[in-house]
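Please take a look at the sequence and the model below. We will walk through it together, one step at a time.

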Amino acid sequence: QVQLAESGGGLVQAGGSLRLSCVASGRTFSTYNMGWFRQAPGKEREFVAAINWNSDNTNYAVFVRGRFTISRDNAKNTVYLQMNSLKPEDTAVYYCAEGSRVWSLSLTSTSEYNYWGQGTQVTVSS
């Protein structure tokens with residue numbers, strides 16, 4: 001069974017940084033699109049960022065563009081989300097997801113992903 005395990009969440013002050021990691025087990029994900037989503041209390045799960053298999057295509061939600069960076073290391077079966085200039089509204093559970101092998105222009109829908117991690121909590125204080 002493919003499993004995704006997120007780590008790196010925690011409590012930070014506004015303006016701080018965190019790097020989230022997602023390690024896949026069960027198979028390599030080197031040919032698969034990967035994404036990050038988040039869900040805050042009382043809100044729907046929303047798209048954060050996506051990256052294709054060779055890192056030559058990325059997509060970001062408008063609200064994180066310029067602050068967050070998605071990257072991957074296929075040799076380590078790991079995808080990262082570097083989060084800088086964090087704001088209280090970034091507080092959410094962040095989820096890693098694995099999609100298909102075909103890149104699309106958005107990859108912003110949860111329906112485009114097949115496997116999900118359990119999430120890691122990110123809390124940003126004022």
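Strands β7 (68-73) and β8 (78-83) pair in the antiparallel sense over six bridges. Two strands count as paired if DSSP finds at least two bridges between them, and strands (E, at least two residues) are DSSP runs numbered from the N terminus. This is a predicted model, in which local features need pLDDT of at least 70 and side-chain atom pairs count only at pLDDT 80 or more, while totals for chains, interfaces and linings use all residues. Residues are numbered from 1 along each chain as its sequence is written, and side-chain values use heavy atoms, with hydrogens and water left out.

Along this pairing, Ile 70 stands opposite Leu 81 in β8, and the bridge partner of Asp 73 is Thr 78, also in β8. The hairpin of β7 and β8 has four residues between the strands, and Asn 77 takes a positive phi near 55 degrees there.

Now follow β8 to its other partner. Strands of a sheet pair through backbone hydrogen bonds, either parallel or antiparallel. Here four strands form an open sheet in the order β1-β3-β8-β7, with antiparallel pairing. β1 (3-7) and β7 stand at the edges with a single partner strand each, so one side of each is left without a neighbour in the sheet. The twist averages 15 degrees from one strand to the next, where axes are lines fitted to C-alpha atoms and angles run from 0 to 180 degrees between N-to-C directions.

Buried means under 20% relative accessible area, exposed over 50%, and partly exposed in between (1.4 Å probe, protein chains only).

What links Cys 22 to Cys 96? The two form a disulfide, their sulfur atoms 2.1 Å apart; a disulfide is a pair of cysteine sulfur atoms within 2.5 Å. The pair links distant parts of the chain, with Cys 22 in strand β3 and Cys 96 in strand β9, 74 residues apart. Both cysteines are buried, and the link is left-handed, with -80 degrees about the S-S bond.

Finally, visit Arg 67, in the loop between β6 (58-60) and β7. Arg 67 is buried, with a relative accessible area of 14%. Its side chain reaches the backbone oxygen of Phe 63 at 2.8 Å and that of Ser 85 at 3.0 Å. A polar contact is a pair of N or O atoms within 3.5 Å; within protein, one must be able to donate a hydrogen and the other to accept it, and residues adjacent in sequence count only if both atoms are side-chain atoms.
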